[in-house]
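Biologist: I would like to learn how to read whole-chain numbers from a model. Can we take them one at a time?

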Amino acid sequence: MNPSGFVLRRGRWHCEGVDLERIAREVGTPVYVYSSGALVARYRRFRAAVARFGRRTLVCYALKANSNQAAIATLARAGAGADVVSGGELQRALAAGVPPERIVFSGVGKTRAELEYALRVGIHQLNLESAEELELLSRVVSAQRRTATVALRVNPDIDAGTHAKITTGTKANKFGIAIGEAPELFARAAGLRYVRALGVAVHIGSQIDRLAPFERAFGRIARLVRDLRAAGHGVKRADLGGGLGVRYDRETPPGPEAYAAMVERALGGLGLDLAFEPGRWMVAEAGVLLTRVIYDKRGRHKRFVVVDAAMNDLMRPAIYDAYHPIEPVRMPDKGTAASRADVVGPICESSDWLGKGRQLPALAENDLLCIFGAGAYGAVMASSYNTRAIAPEVLVRGRDFAVTRPRFETAALIRRERLPDWLA
Ligand code: LLP
């Protein structure tokens, strides 16, 4: 099996042992399909890479990339922890069986209720992002008489060199505490009765395809750890965030092995317990979005392949100009002519596109297309814009598959709303 879980067999794309045509027929389209084997294999590879230096490491899968219960449970059973950024994600992680002691909670806007919830369940670590958050936490812990284990999320002011909308580690971004302010805040945290300040955390962005920005950021973290220790603080942990990129198009991102070797160079001498928060790397390539052709619309000037998936199902192209490979599920015969087309959805705006200028054979109504690299930031970002049903999700294991989230039909969308008395 190909490491992503998707293989061409007898001219047709399969997920592990299951023909994608069969899933489309039985579940309908658009539909997200994930490979269980790929999820587990990717987790194991990441885990082995970062664990190889003998340090205590925790791999906290960043739920935001794909928070389907079945995906989380698959990774949790393989040993993964979770990085959550809301009370809702914390609830999801626990529901899928992630033990609280493997959960870290990040985010710039944790509410009082979320801090209380995290304390109550006893998670591994809260990553604090501001003096104001420390202030609120100190009130919550005193009231509850419970101890919070925290790390300070530091903003190292490093440009990750990725898309501006997914860059998080420069001073222009809302995330973390400016590295210059960290020693003072750490001292304040360390002085609080119910707070155990054990570490530092950093996350500089997503879909980073070079090691250099990470290495610069981690170098700054190493210097901060030394300074904090020199000031008498016991710094035991570093949480290095996520961000490792994948190949959607022609990117050549480093693998987790090279990434881990870089981490060792930057931080190896410090004897820290390390946590990682990979999201995209773990799931992007393990999932596809299957869609059917509605029209192969050929105007005099341009060809559009109009499909039944749209920007509400997969927002990444509309928001980030993201590239996802798109191929027919059934390979065309050799020598079939192809021409350029924009692959678009039925939604009423021009940002509703999934691929631009793609070489595709002539297509007919109901032909199936497979949009690759859709396992991360796909289904989780879906909406019901244009009153479109929310696409179902399917998990494949070997020759089996299961619908892990049924389609949320439009009737149910409407039923969820209420008329006020004066209209009823
Ligand atoms: N940790 C923190 C604190 C984060 O903010 C993120 C992602 C991660 C970990 C996981 O990063 P990853 O390993 O997935 O790069 N919707 C965008 C991506 C947003 C990422 C937000 N934070 C996209 O579709 O590209």
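Modeller: Start with charge. Lys and Arg count as positive, Asp and Glu as negative, while His and the chain ends are not counted. Each charge sits at NZ of Lys, CZ of Arg, CG of Asp or CD of Glu. Here the mean positions of the 61 positive and 44 negative charges lie 3 Å apart.

Biologist: What are the ground rules?

Modeller: This is a predicted model, where local features need pLDDT of at least 70, side-chain atom pairs count only at pLDDT 80 or more, and totals for chains, interfaces and linings use all residues. Numbering runs from 1 along each chain as its sequence is written, and side-chain values use heavy atoms, with hydrogens and water left out.

Biologist: Why does a radius of gyration of 23 Å agree with a compact globule?

Modeller: The radius is taken over C-alpha atoms, and the globule rule is 2.2 Å times the number of residues to the power 0.38. For 424 residues the rule gives a value near 22 Å, so the protein's 23 Å agrees.

Biologist: What share of the residues is buried?

Modeller: Buried means under 20% relative accessible area (1.4 Å probe, protein chains only). In this protein, 56% of the 424 residues qualify.

Biologist: Which domains are assigned?

Modeller: Bounds come from an automatic or database domain assignment. Domain 1 covers 6-35 + 284-415, and domain 2 covers 67-278. Their C-alpha centres are 34 Å apart.

Biologist: How many residues of each domain are in contact?

Modeller: Contact means heavy atoms within 4.5 Å. Domain 1 contributes 15 residues and domain 2 contributes 12.

Technical notes: Buried < 20%, exposed > 50% of the residue type's maximum accessible area, 1.4 Å probe, protein only.
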